[in-house]
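Please look through the sequence and the model before reading the points below. They are meant to be read with the structure open.

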Amino acid sequence: MQVSFHADSHRRDGASLLSAWPTLSRVACGAANAGVDVAVVQSAHADETIQRDGVDFHFVDDAHPRRARLVSRVAALAPDVVHVHGFHHARAVRTLTQAVRPAPVLMQDHGAAEPRGWRRAAWRWAFSAVKGVAFTTREQAAPWIESRVLRADLPVFDVLEGSSTFEPGDQSDAQHSTGVFGDPCLLWTSRLDANKDPLTMLHAVEQAIPHLPNARLWCCHGHAPMLDAVRERIASSDALRDRVVLLGTRPHDEMERFHRAADFYLQTSRREAGGFSLLEAMSCGTTPIATDIPPTQRIVGDTGSLTPVGDACAMAAALVAWAGRNRIALRRATRARFEAALTFDAVGRQLRATYESLVQSCAS
């Protein structure tokens, strides 16, 4: 049973949620494709059950902090394993673990920050009966264990939080349809905030320009608290002024073509839970030039560049070096990496192995 306590602020119905949150259904279907009998229980604003691709999606109207109605629905369905998406609803997790005993409860991180102050003790109590946790890579569990929110002996599993359904396509056609170009053609699709660190990215591109005078950088972004600083940085640089275009927020259904059009995907994040944009880029065969943080290491493997966080000089050198490689071969290698280890079916196989491990450990 996959469970999400996160309620939709737009109050959409079940079918609309499945469309707006595709990972909700595709992770479940990936597990089903791996041979798991899986169902989903999702907090919502109306009771509804939808079946899709052999998976039952139970939407439960429940605004109570402990999600009592949702927990009752999960318990009534008598699951063998309960997989909770997210760490954010500690009180509800405590209620759930008590209601479904002896079924083990697995929590999966989706970017929660470790609690501070009195919340540490409260979350430690709430999570005390959880039987396992999943992160993109187990290194991400370290601060949670060091703060004693999670038990030191708690099993930690490596599980991707999602994937992408984007496909490779003709790069020339994609460039023509989107209007982007460059040699190399560079793409940024992250927020403009301190964690994503766009100023380091711009500094790296600026340093690479003398060696790559025909390079062009195209920036798609959503939330942008640093937009003014980014604009000022571009305007102040002769190298960047005519080579960087801020495209703003683009519809998600356009992003596949932007990724197909690019030679390299740039990411300078200081912290990530996983990396949905990175996965979308790699699913199209776009080679990543990214910062060396644990989840990015797990996703990229050896099919892209990993440079230290905040090190614009290292990223510039990597960009120049990788731009000189056979880009057709790079695209093939990136897509091959994605198909081998990063698809929704790969996530489903990781989940099946995790569920089986939990059942076996609780039975022994």
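Predicted model: local features only at pLDDT ≥ 70, side-chain atom pairs only at ≥ 80, totals over all residues.

1. Start with helix α3, residues 68–76, whose buried residues are L70, V71 and V74. Viewed down the axis of α3, these buried residues fall within an arc of 100°, so they line one face of the helix.

2. What do the buried residues of α3 pack against? Their partners are the strands β1 (2–4), β2 (39–44), β4 (55–61) and β5 (82–85), together with helix α4 (90–99). After α3 comes A78, which has a positive phi, near 50°.

3. The largest pocket holds about 1600 Å³ of space. Its lining has 49 residues, and those nearest the centre are T23, E161, R191, F276 and S277. Two or more lining residues come from each of β1, α2 (22–33), α11 (252–261) and α12 (276–283). Helix α2 gives the largest share, five residues.

4. Sorted by class, the lining of the largest pocket has 28 polar, 13 nonpolar and eight charged residues.

5. The second largest pocket holds about 470 Å³. It is lined by 21 residues, with M1, V36, D37, V38 and D80 the closest to its centre. The elements that each give two or more residues to this lining are β4 and α16 (344–363). The largest share, four residues, is from α16.

6. How does the lining of the second largest pocket divide by class? Eleven of its residues are nonpolar, five are polar and five are charged.

7. Strand β4 links two of these topics: the buried residues of α3 pack against β4, and β4 also gives two or more residues to the lining of the second largest pocket.

Key: Residues numbered from 1 in each chain as written. Heavy atoms only, no water. Buried < 20%, exposed > 50% of the residue type's maximum accessible area, 1.4 Å probe, protein only. Arc of directions from axis to C-beta. Contact = heavy atoms within 4.5 Å. 1 Å grid on protein atoms, 1.4 Å probe; cavity = no way out; pocket = protein on both sides within 12 Å on 5 of 7 lines; lining within 4 Å. Points joined across faces, edges and corners; volume = space filled by probe spheres on them. Nonpolar A, V, L, I, M, F, W, Y, C, P; charged D, E, K, R; others polar.
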